[in-house]
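Dear colleague,

Here is the structure for your files. My notes on the strands and helices follow below it.

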Amino acid sequence: MKNHKVDPTRLSKLRALMRQEKLDGLLVPRSDDFLGEYVPASAERLRWISNFSGSWGSAIIGLRSAALIVAGRYTIQAAKEAPDFELLSPENAALTSFVS
């Protein structure tokens with residue numbers, strides 16, 4: 001997936017759908033449908049929404065904010081690849097601050 005670009009409207013379209021379905025937040029894991037670590041390109045949901053290409057992470061998307069939860073080894077990479085997401089480490093992820 002070289003030169004992967006995220007459509008800048010994906011987050012806003014997702015949030016519109018969340019409002020329609022009355023969802024306050026959505027968790028987007030890196031794993032696939034079978035909770036596998038090695039995710040095929042067709043199941044790269046975290047990369048699709050955030051552009052983060054690391055092998056470990058999750059996103060929490062609220063109606064007004066979004067965060068990417070990554071291990072420390074991915075902090076620099078995630079900041080570069082997913083600038084629209086606040087970065088959190090698993091140790092300090094206060095998920096309740098991202099949902100209404």
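Strands S3 and S4 run parallel and are joined by 3 bridges; two strands count as paired if DSSP finds at least two bridges between them. Helices (H or I, at least four residues) and strands (E, at least two) are DSSP runs, numbered from the N terminus. Across this pair, Ile69 is opposite Leu88 in S4. With helix H3 (residues 75-81) between them, S3 and S4 make a right-handed β-α-β unit; right-handed means that, with the strands pointing away from the viewer, the path from the first strand over the helix to the second runs clockwise.

The model is predicted: local features need pLDDT of at least 70, side-chain atom pairs count only at pLDDT 80 or more, and totals for chains, interfaces and linings use all residues. Residues are numbered from 1 along each chain as its sequence is written, and side-chain values use heavy atoms, leaving out hydrogens and water.

S3 also pairs with S2, antiparallel, over 4 bridges, and a hairpin of 3 residues connects the two. Ile61 faces Ala66 of S3 in this pairing. Ala66 and Leu68 point one way from S3, Ala67 and Ile69 the other, and all are buried (under 20% relative accessible area; exposed is over 50%, partly exposed in between; 1.4 Å probe, protein chains only).

S2 (residues 58-62) is in turn joined to S1 by 5 bridges, antiparallel, with Ser58 as the partner of Pro29.

Overall, the 4 strands form an open, mixed sheet in the order S1-S2-S3-S4. Its edge strands are S1 (25-29) and S4 (86-88).

Regards
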